[in-house]
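This report describes a single protein chain from its fold down to selected residues. Please examine the sequence and the structure shown here before reading on.

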Amino acid sequence: MQQEAFAEQCSERAQRQHWLAVLARAATGELEAFWAQTQPSELVLLRQPEIGLVMARGRAGGTGGRFNLGEITVTRCAVRGADGHIGHGYVAGRDKRKAELVASFDALLQAPERRAALLERVVTPLAAAQASQRASRARKAAATRVEFFTLARGGG
């Protein structure tokens, strides 16, 4: 019984991580357009959008030891929905409105009765558009790829 609850919690956590990632990568204009189509319940700002810095870390060779890469600007926000769910928005850059929209969508998506409709109307189209953009960039990069090879000199 506990394993089933843990598996359900993990899938719910992974699902939330997915929608937060998709929302954070979306353009502010896209989020505004979807927000205009949503009939949100009352939302209360718990933490006004604020700008700060976080340390980005990297790994040498992708698997080696960690090192501090540098600081990046991040904007964060927190809202509480009428149903008590607290939404968080963390976005790269200095876009306060985008952080507020991500937090608002996060709060709404946590409500089980709204989740399916919002996932279908908002998250799925954004994720599909982002996947298409990644594929397009990958095709353009592949077209410019140069293969180098070395010929061994013979006879010596």
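## A buried glutamine in a loop

Between which two helices does the loop that holds Gln110 lie? Gln110 belongs to the loop between helix 3 (96-109) and helix 4 (112-143); helices (H or I, at least four residues) and strands (E, at least two) are DSSP runs, numbered from the N terminus. The model is a predicted one, in which local features need pLDDT of at least 70 and side-chain atom pairs count only at pLDDT 80 or more, whereas totals for chains, interfaces and linings use all residues. Residues are numbered from 1 along each chain as its sequence is written, and side-chain values use heavy atoms, with hydrogens and water left out.

Gln110 counts as buried because its relative accessibility is 16%; buried means under 20% relative accessible area, exposed over 50%, and partly exposed in between (1.4 Å probe, protein chains only). The side chain of Gln110 reaches the backbone oxygen of Ile86 at 2.7 Å. This is a polar contact, defined as a pair of N or O atoms within 3.5 Å; within protein, one must be able to donate a hydrogen and the other to accept it, and residues adjacent in sequence count only if both atoms are side-chain atoms. Apart from neighbours within four places in sequence, Gln110 is in contact (heavy atoms within 4.5 Å) with Arg16, Trp19, His85, Ile86, Gly87 and Arg115.

## Overall architecture

The protein contains 4 helices and 3 strands, arranged from the N terminus as α-α-β-β-β-α-α. Its radius of gyration is 21 Å, whereas a compact globule of 156 residues would have a value near 15 Å; the radius is taken over C-alpha atoms, and the globule rule is 2.2 Å times the number of residues to the power 0.38. Along the principal axes, the C-alpha atoms fill a box of roughly 80 × 40 × 35 Å.

Of the 156 residues, 26% are buried. Among contacts with a separation of 6 or more, 58% involve residues 24 or more positions apart.

## The strands and their hairpins

Strand 1 (residues 43-59) pairs with strand 2 (residues 66-81) in the antiparallel sense over 14 bridges; two strands pair if DSSP finds at least two bridges between them. Leu53 stands opposite Thr73 of strand 2, and Arg57 stands opposite Asn68 of strand 2. The hairpin of these strands has 6 residues between them, and Gly61 takes a positive phi near 70 degrees there.

Strand 2 is also joined to strand 3 (residues 86-92), in an antiparallel arrangement with 7 bridges. Val74 has Ala92 of strand 3 as its bridge partner. In this second hairpin, with 4 residues between the strands, Gly84 takes a positive phi near 95 degrees.

Thr28, Leu31, Phe34 and Trp35 are buried in helix 2 (residues 28-37). They lie on the same side of helix 2 because they cover an arc of only 130 degrees around the axis, the arc being that of the directions from the helix axis to the C-beta atoms. Gly29 and Ala36, on the other side of helix 2, are exposed.

Thr38 is found in the loop between helix 2 and strand 1. With 6% relative accessibility, Thr38 counts as buried. Its side chain reaches the backbone oxygen of Phe34 at 2.8 Å. Beyond neighbours within four places in sequence, Thr38 is in contact with Phe105, Leu108, Leu118 and Arg121.
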